[in-house]
Amino acid sequence: MSTPAPETEEPATEEPGTEDQGVEPSQAEDAPSETPEPVAEEQASVEETATPVVLTATDTGVTAETIKIAATFPDLSVLGRDNGDLEAKFQVAVDAVNQSGGINGRQIDLIFSTYVPMGEADAEALCVRNVEDEGVFAVVGILLREMPLCYTEFNDTIVINAFESTAELFERSVAPLISTNPLPERLVEVNVDTLVDSGHLAPGMRIAVHGLATREDLHNRYLQALDSRGVEVVAHTLRTTFDVLAAESEVDIFAERWLANGAEAVLGSSPESGLDFVGAYERRGIDLPMLLPENTHVVPSLIRDSFGYSLAPLELAVVLVRDVDPASLYPENIAGVADCLDRFESASGEVVNIDQADDGPDNLVPTLLACQVIDVFAAVARAAGPELTTESFAAAAESIGPIEVTGLVAGSLGAGKFDVSDAPAMVGFFDPEALVFTAGGS
């Protein structure tokens with residue numbers, strides 16, 4: 001191999017002529033061989049002081065001292081949820097970054113707001129305020145449905161979203177859109193294979209598939225994947241409304257079709273399918289197996305407390321679990337969960353309700369989500385370097401590779417991949433005592 005050669009030649013370079021000219025040790029000590037070293041150190045020192053990194057205002061919301069970002073979260077108190085002090089959750093996560101040196105010398109300046117999750121008007125007004133009035137560099141938090149596009153497509157503003165995104169949202173975005181959740185379109189084939197391999201789907205099996213009209217693209221991917229594996233789809237239905245009463249009536253009609261066509265199980269093609277199934281199963285007395293490969297929005301306590309449905313139908317559910325139950329990660333601080341929760345409790349005085357089965361506040365997931373989106377923003381912004389712009393942030397996201405994010409056992413970003421979570425799918429079931437879905441069990 002040729003690589004060792006430079007190592008054998010280095011001594012001759014450092015002490016020229018000592019061995020080749022036969023100089024005695026005493027003569028070598030008197031020789032001025034040591035004089036270049038101080039000169040080299042002096043030159044290095046001059047070079048270091050001559051080229052300091054001078055931070056300047058590089059983009060909207062980025063000054064020499066600060067990076068202004070907005071955090072936003074849906075106001076779930078209208079659904080009877082107590083998420084605790086939401087602003088404090090994001091501020092504590094930001095404070096941790098600032099106290100560790102900030103982003104390449106800049107401090108994060110955070111503003112916070114909530115919005116009403118039903119309808120679009122409140123979210124649109126918030127977008128205008130964040131972009132035009134506040135002049136933020138990026139927005140982090142939970143942005144429902146097509147909310148990110150107001151920022152990323154129309155206002156050249158970065159979004160880090162702790163909510164599921166779609167291929168269409170990524171394609172339409174001009175500024176970077178990053179989601180902490182896995183892209184469902186990327187996982188359809190994996191999801192169906194996992195259900196087949198585990199015996200919950202099989203060639204010749206008669207299946208009803210139900211989803212949301214706004215997610216028809218995802219629905220059609222499931223139809224294609226099932227057909228290619230010989231699974232017979234005897235009915236496929238799409239809910240068209242978000243109005244609760246109208247949705248219940250529509251889904252009840254669909255449920256009759258599933259039964260009349262002889263379905264042996266129902267599969268949810270969208271994250272919202274689980275809520276539809278639980279309500280229809282309770283109202284119609286359905287006892288078919290329920291397959292939920294897209295279970296992101298199936299929050300048992302929300303279904304029970306806000307919609308008044310019984311959770312008994314979930315005991316018929318087979319789910320694909322990716323994000324491990326955060327309560328199980330806490331004791332050993334896996335994926336930084338304990339760091340996030342303990343830091344928040346210490347700074348705010350608010351106790352995080354890790355046991356989601358009791359009647360305490362629903363503040364576990366919001367606390368973790370705040371840590372997640374700040375983790376992602378900080379990691380990419382640091383990788384973008386001192387010249388922080390929307391363009392340098394986008395370039396950093398495309399090249400950063402594996403990334404450590406609170407509560408995610410695996411994650412990465414890269415060229416064409418802007419959904420962070422890489423956690424593998426595992427077959428799981430509903431735990432009625434803990435009110436969570438857990439891998440394994442029966």
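Predicted model: local features only at pLDDT ≥ 70, side-chain atom pairs only at ≥ 80, totals over all residues.

Modeller: Residues are numbered from 1 along each chain as its sequence is written, and side-chain values use heavy atoms, with hydrogens and water left out.

Colleague: How many residues does helix α10 have?

Modeller: Helices are DSSP runs of H or I, at least four residues, and strands are runs of E, at least two, numbered from the N terminus. The expected span is 1.5 Å times one less than the number of residues. Helix α10 (residues 244–260) has 17 residues and reaches 24 Å from first C-alpha to last, close to the 24 Å expected.

Colleague: Which residues of α10 are buried?

Modeller: An α-helix has 3.6 residues a turn, so residues three or four places apart point the same way. Buried means under 20% relative accessible area, exposed over 50%, partly exposed in between (1.4 Å probe, protein chains only). In α10 the buried residues include A247, V251, F254 and W258. The buried residues of α10 pack against β6, β7, β8 and α11 (contact: heavy atoms within 4.5 Å).

Colleague: What lies at the ends of α10?

Modeller: D243 caps the N-terminal end, with a side-chain oxygen 3.4 Å from the backbone nitrogen of L245. G262 follows α10, with a positive phi near 75°.

Colleague: Where is V78 found?

Modeller: V78 is in the loop between β1 and α4. V78 is partly exposed, at 44% relative accessible area.

Methods:
Polar contact = N/O pair within 3.5 Å; in protein donor to acceptor, adjacent residues only side chain to side chain.
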